Amino acid sequence: MTTTLCKGCGDADEVASRITMAFQPIVDVEQGTTFAHEALVRGLDGESASDVLASVAHENRYAFDQACRIVAIRRAAVLDPPGLLSINFLPNAVYVPEHCLKATLATAKEVNWPLHRVIFEVTEHEKVIDHNHLVSILSAYKAHGFLTAIDDFGAGFAGMNLLADFQPDIVKLDIGLVRDIDTNRARQIIVRHLVDLCAQLGVRPLAEGVETIDEYLTLRDLGIGLQQGFLFARPAFESVPAVTWPAS
């Protein structure tokens with residue numbers, strides 16, 4: 001099936017034929033369940049996300065962004081992983097939110113993937129040219145029933161300004177705040193305040209990059225129930241990895 005695309009997105013199906021996905025679980029440590037799986041772009045021979053992104057020409061970013069959505073949803077429909085599906089998107093590759101959702105909506109309908117089972121993540125590491133445009137994108141996605149997340153929070157360009165104008169469903173704390181948090185008092189204080197802020201805004205905090213049991217326990221004690229990282233599972237190429245639950 002060739003998806004109907006908006007002008008400027010190029011041939012996303014052609015780009016999609018040259019990429020695939022790995023999947024990494026996001027777990028709810030309080031419930032002992034898998035909350036979601038993040039789709040991470042890979043080359044067909046297992047090339048890393050950074051290698052794939054480095055090969056994307058600036059003028060082809062529209063098609064690439066659309067292709068990632070298409071492949072993530074199609075692959076998830078085959079694997080049917082438990083929980084939600086989290087997809088990263090490039091905000092600067094979205095010019096009219098409603099038009100640039102056409103491929104996503106068509107693909108979800110094609111494979112019967114419910115829209116409420118999709119989280120769209122925007123990373124703070126990409127410099128957003130138009131802040132108001134990003135808010136309009138996230139608002140449009142939310143209106144369609146998608147969940148939204150700010151990735152790498154605390155390490156990039158958006159920060160508190162974005163959170164003030166739009167409250168996503170999830171805020172993913174950057175790995176820099178997570179690493180060695182069990183021994184770093186400053187990080188503990190910052191994360192504790194971020195958890196309180198999220199609670200007041202009705203946003204769920206998520207810690208990514210969790211690698212040790214001590215990090216996991218400290219984050220759990222600070223009130224972060226959603227966690228992701230090598231401690232639980234590494235990304236699995238075109239498959240869903242088993243979750244390792246640490247003893248606590």
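Guide: With a definition: a contact means heavy atoms within 4.5 Å. In the protein chain, residues 24 or more positions apart account for 70% of the contacts with a separation of 6 or more. This is a predicted model, in which local features need pLDDT of at least 70, side-chain atom pairs count only at pLDDT 80 or more, and totals for chains, interfaces and linings use all residues. Residues are numbered from 1 along each chain as its sequence is written, and side-chain values use heavy atoms, with hydrogens and water left out.

Visitor: How many helices and strands does the protein chain have, and what makes a run count as one?
Guide: The protein chain has 10 helices and nine strands. Both are DSSP runs, numbered from the N terminus: helices are H or I with at least four residues, strands are E with at least two.

Visitor: How much of the protein chain counts as buried?
Guide: Of its 248 residues, 50% do. Buried means under 20% relative accessible area, exposed means over 50%, and partly exposed lies in between (1.4 Å probe, protein chains only). The protein chain exposes about 11000 Å², with carbon and sulfur atoms supplying 52% of that area. Accessible areas come from the Shrake-Rupley method with a 1.4 Å probe; for residues, only the protein chains shown count as cover.

Visitor: Why does Asp152 count as buried?
Guide: Its relative accessibility is 12%, so Asp152 falls in the buried class. Asp152 is found in strand 5, residues 147–153. Its phi is near 55 degrees, a positive value in a residue other than glycine.

Visitor: Why is Glu238 called partly exposed?
Guide: Glu238 has a relative accessible area of 27%, so it belongs to the partly exposed class. Glu238 sits in the segment after strand 9 (236–237). Here too phi is positive in a residue other than glycine, near 50 degrees.

Visitor: Why is strand 2 described as largely enclosed?
Guide: Because nine of its 11 residues are buried. Strand 3 (residues 84–89) is mostly covered, with five of its six residues buried.

Visitor: How do you know that strand 2 and strand 3 pair?
Guide: Two strands pair if DSSP finds at least two bridges between them. Strand 2 (residues 33–43) and strand 3 have four, in the parallel sense. Glu38 stands opposite Ser86 in strand 3, and Ala36 stands opposite Leu84.

Visitor: Which other pairing does strand 3 have with strand 4, parallel or antiparallel?
Guide: Strand 3 pairs with strand 4 (residues 118–123) in the parallel sense, over five bridges. Asn88 has Glu121 in strand 4 as its bridge partner.

Visitor: In which sense does strand 1 pair with strand 2?
Guide: Strand 1 (residues 19–28) and strand 2 pair in the antiparallel sense over 10 bridges. Met21 stands opposite Val41 in strand 2. Their hairpin has four residues between the strands, and Gly32 there takes a positive phi near 70 degrees.

Visitor: Why is helix 3 called roughly parallel to helix 5?
Guide: Two packed helices are described by the angle between their axes and the distance between the axes. The axes of helix 3 (residues 61–79) and helix 5 (residues 102–111) come within 9 Å and cross at roughly 15 degrees. That makes helix 3 roughly parallel to helix 5. The class covers angles under 35 degrees; over 145 is roughly antiparallel, 65 to 115 roughly perpendicular, and the rest oblique.

Visitor: Which residues meet where helix 3 and helix 5 touch?
Guide: Among them are Gln66, Arg69 and Ile70 in helix 3, and Ala103, Thr104 and Thr107 in helix 5.

Conventions:
Axes fitted to C-alpha atoms, helices over the stretch in contact; angles between N-to-C directions.
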